[in-house]
Amino acid sequence: MEHTKTEIKWEDRYINLFYSHRINHDIRGYMLNLYKTIINDDNFIKYFNDDFNEPNVNDSDYVNWCQTGRRHNPKFYEILKHTKLMDCTAGFKRIINNNVVIVQNDSWKLWEAFFAGCCVIAVDLDLFNIKFPVQPRNMFHYIGMTLD
């Protein structure tokens, strides 16, 4: 996606935490409360919710928007390429076969944030046995949260 790749220098990016979520999963709510408690600065968190705002069918971005499952509109990508820190948490903690697992983890935003060069905050993928074809490493590729 051409809208995500950026040549913007790190020092010119926003210092805020980009919190772009349309659906309030339990884990996102937990993390938002944690951010508010630790940071204690309402201006630090950059909220964004496009409410599934559909681009005009004649826009060049319309095909990308459709192909991404209506994930994000062009405004999201514009903010993302100016972002240093991105919250990519999602899902619900559940007990399945005596193991704590996360259901409905959203990896789409994780990969977009990696591609845009952001510092990513996500759940600890290995701790919750979340596997990808290419496995990011906690504290190397992202900051993994244990949720305790």
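Reader: Which residue stands opposite Asp-87 in E6?

Author: Asp-87 stands opposite Ile-121 in E6. Before we go on, please keep in mind that this is a predicted model, in which local features need pLDDT of at least 70, side-chain atom pairs count only at pLDDT 80 or more, and totals for chains, interfaces and linings use all residues. Residues are numbered from 1 along each chain as its sequence is written, and side-chain values use heavy atoms, with hydrogens and water left out.

Reader: What makes E3 and E6 a pair?

Author: Two strands pair if DSSP finds at least two bridges between them. E3 and E6 are joined by three bridges and run parallel, so they meet that definition. Strand E1 (residues 14–20) is also joined to E3 by three bridges, again in parallel. There, Tyr-14 stands opposite Thr-83 in E3.

Reader: Why is strand E3 called largely enclosed?

Author: Buried means under 20% relative accessible area, exposed means over 50%, and partly exposed is in between (1.4 Å probe, protein chains only). In strand E3 (residues 83–87), five of the five residues are buried, so the strand is largely enclosed by the rest of the structure. For the protein chain, 43% of the 148 residues count as buried.

Reader: How many helices and strands are there, and what counts as one?

Author: The protein chain has four helices and seven strands. Helices are DSSP runs of H or I with at least four residues, strands are runs of E with at least two, and both are numbered from the N terminus. Starting at the N terminus, the order is β-α-β-α-α-β-β-β-α-β-β.

Reader: What makes the chain as compact as a globular protein of that length?

Author: The globule rule is 2.2 Å times the number of residues to the power 0.38, and the radius of gyration is taken over C-alpha atoms. For 148 residues the rule gives 15 Å, and the radius of gyration of the protein chain is 16 Å, close to that value, so the chain is as compact as a globular protein of that length. Along the principal axes, the C-alpha atoms fill a box of roughly 50 × 30 × 30 Å. Glu-7 and Asn-98, 91 residues apart along the chain, have C-alpha atoms separated by 46 Å.

Reader: Where does Glu-7 lie, and is it buried or exposed?

Author: Glu-7 lies in the segment before E1. Its relative accessible area is 69%, so Glu-7 is exposed.

Reader: How do you know that E4 and E5 pair, and in which sense?

Author: Strand E4 (residues 92–96) and strand E5 (residues 99–103) share five bridges and pair in the antiparallel sense. One of the residues involved is Arg-94, whose bridge partner in E5 is Val-101. The hairpin of E4 and E5 has two residues between the strands.

Reader: Why is Lys-93 called partly exposed?

Author: Lys-93 has 38% relative accessibility, so it counts as partly exposed. Lys-93 lies in strand E4. Leaving aside residues up to four places away in sequence, Lys-93 touches Ile-27, Val-100, Val-101, Ile-102 and Leu-147, where contact means heavy atoms within 4.5 Å. From Lys-93 to Phe-128, 35 residues apart in sequence, the C-alpha to C-alpha distance is 9.2 Å.

Reader: Does Val-63 count as buried, partly exposed or exposed, and where does it lie?

Author: Val-63 has a relative accessible area of 48%, so it is partly exposed. Val-63 lies in helix H2 (residues 62–67). The C-alpha atoms of Val-63 and Asn-53, ten residues apart along the chain, are separated by 14 Å.
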